[in-house]
Amino acid sequence: MSLDPAIVAAYGPRPAVVSRRQRLAEYASAWGMLPLLRTVRGLFRRDLRVLAYHRVRDVAREFAFDRALVSASPARFHSQMRHLRDRFHPVSCREVVAALDGGPALPRDAVLVTFDDGYDDNHAVAFPILRELGVPATFFVATGHIDSGMPYAYDWVAHLVVTMSDARLRLPELAIDVPLPADRDARHALTGTVLDRLKYLDDAGQQGVIDELQARCGRPRAAGHVDCRPMTWDQLREMRDGGMEIGGHGVHHRMLAKLPDEALLAEVSECQARLTAELGAPAIAVSYPVGGPDAYDARVIDAVRAQGFRIGFSYINGVSVPDDANRYGLLRVAVEADVDQSWFQGILAAPELFSHATKLRVYPS
Ligand SMILES: [Zn+2]
């Protein structure tokens, strides 16, 4: 199987290369260096490692949604959570907030597991593993999708690009006009570029491109798809009763910093109102949709604070020593599907050495 050379040239290959960080983690693990690294690091830093996941599931060849959102297979996720249980101190958002508010300090090697968006595999696959191992996690959900059952817009765009039968993909707003490759892997590579450029636009621009693409393909999101389903409120209540925490991720998964004041307030306040009504108490934690440096700002932080959220998470790579100055901009480390067990252990032992750098958005030229 080979990638279309035109796509490779235009968008860069996505080959199964072993990255430098992964190889370094393999060596460090094989030489038994990771526990020592962790111990030495712990002498100097007492911080909070926050892992960010999206989906846990197996990916069949015909899977036609955003592969980048699949963080781990079920087997790999189980091994990762076992490692956390055995070697670290998994904590909840409630404990993090309590520590920030002057309560008990977080334990050394504290780790917080988080999920964004609210895909149904979180309930079907991740939750039973977390419950079995006694690891708490926080699930940040876009409440409008829990209400409607509709697929997420960015993932639907990926789905359309992967499956559309047109000869060319023309998205002038994104400076994209290329032949659509027959090869599935090349299609998936192309979705990464489309989504990066889409997220660069303001909110109205993004909605325009999404609507136009759906109309052109004759495939509205309302049609739904079994591989792109949000959880239900009943599932979220079951997870809450099983020791998990549910947090906010907006209503319609819009990039909050790109919204005008009124729409921003609606996204944040309706999200909190729906969580409170369905789960019986206000959510204490929020993660900003998309979560990069262009996804939240001081105005967004003011809005989430005013709606009662006590702590906020970005999708910017790193680890934080939580304090009052950064409690609404805590860093996270993304776990991605190519992270194998030794790499995962390296990321946990020394995130600054082994984790991916934050991916910055590609600007259309
Ligand atoms: Zn999200």
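This is a predicted model: local features need pLDDT of at least 70, side-chain atom pairs count only at pLDDT 80 or more; totals for chains, interfaces and linings use all residues.
On the side of domain 1 that touches domain 2, the residues divide into 12 nonpolar, two polar and nine charged. The contact itself brings 23 residues of domain 1 together with 29 residues of domain 2. About 2200 Å² is buried between domain 1 and domain 2, and carbon and sulfur atoms give 57% of that area.

Three salt bridges are found across the interface of domain 1 and domain 2. Elsewhere in your tour of charged pairs, have a look at aspartate 203 and arginine 254, which form a salt bridge with their closest N and O atoms 3.2 Å apart.

Helix α3 covers residues 34-44 and holds arginine 41. Arginine 41 is buried, since its relative accessible area is 10% and the cut-off for buried is under 20%. Leaving aside neighbours within four places in sequence, arginine 41 is in contact with Asp47, Arg49, Val319, Ala349, Ala350, Pro351 and Glu352.

Alanine 349 belongs to helix α14, residues 341-349, and is buried with a relative accessible area of 3%. Beyond its neighbours within four places in sequence, alanine 349 is in contact with Leu34, Arg38, Arg41, Arg49 and Phe88. Alanine 349 and alanine 110 are 239 residues apart in sequence, yet their C-alpha atoms are 12 Å apart in space.

## Two residues with positive phi

Aspartate 109 has a phi near 60°, a positive value in a residue other than glycine. You will find aspartate 109 in the loop between α5 (93-100) and β5 (110-117). At 15% relative accessibility, aspartate 109 counts as buried.

Valine 290 also makes the list: its phi is near 70°, a positive value in a residue other than glycine. The loop between β10 (285-287) and α13 (298-306) is the place of valine 290, and this residue is buried, with a relative accessible area of 17%.

## Salt bridges through the structure

A search of the whole structure finds 26 salt bridges. In one of them, arginine 38 pairs with aspartate 109, and the closest N and O atoms are 3.4 Å apart. Arginine 38 lies in helix α3 and aspartate 109 in the loop between α5 and β5, so this pair ties together parts that are 71 residues apart in sequence.

Aspartate 241 and arginine 240 form another salt bridge, with the closest N and O atoms 3.0 Å apart. Aspartate 241 counts as exposed at 61% relative accessibility, and arginine 240 is partly exposed at 32%. Arginine 305 likewise forms a salt bridge with aspartate 302, the closest N and O atoms being 3.4 Å apart. Because they are three residues apart in helix α13, arginine 305 and aspartate 302 are separated by about one helical turn. Both ends are partly exposed, arginine 305 with a relative accessible area of 44% and aspartate 302 at 47%. Finally, salt bridges that share partners join Asp147, Asp234, Arg237, Arg274 and Glu278 into one network.

Note on methods: Residues are numbered from 1 along each chain as its sequence is written. Side-chain values use heavy atoms; hydrogens and water are left out. Contact means heavy atoms within 4.5 Å. Buried area is the accessible area (1.4 Å probe) that two parts lose on being put together, summed over both. A salt bridge is a side-chain nitrogen of Lys or Arg within 4 Å of a carboxyl oxygen of Asp or Glu. Ala, Val, Leu, Ile, Met, Phe, Trp, Tyr, Cys and Pro count as nonpolar, Asp, Glu, Lys and Arg as charged, and the others, Gly among them, as polar. Helices (H or I, at least four residues) and strands (E, at least two) are DSSP runs, numbered from the N terminus. Buried means under 20% relative accessible area, exposed over 50%, partly exposed in between (1.4 Å probe, protein chains only).
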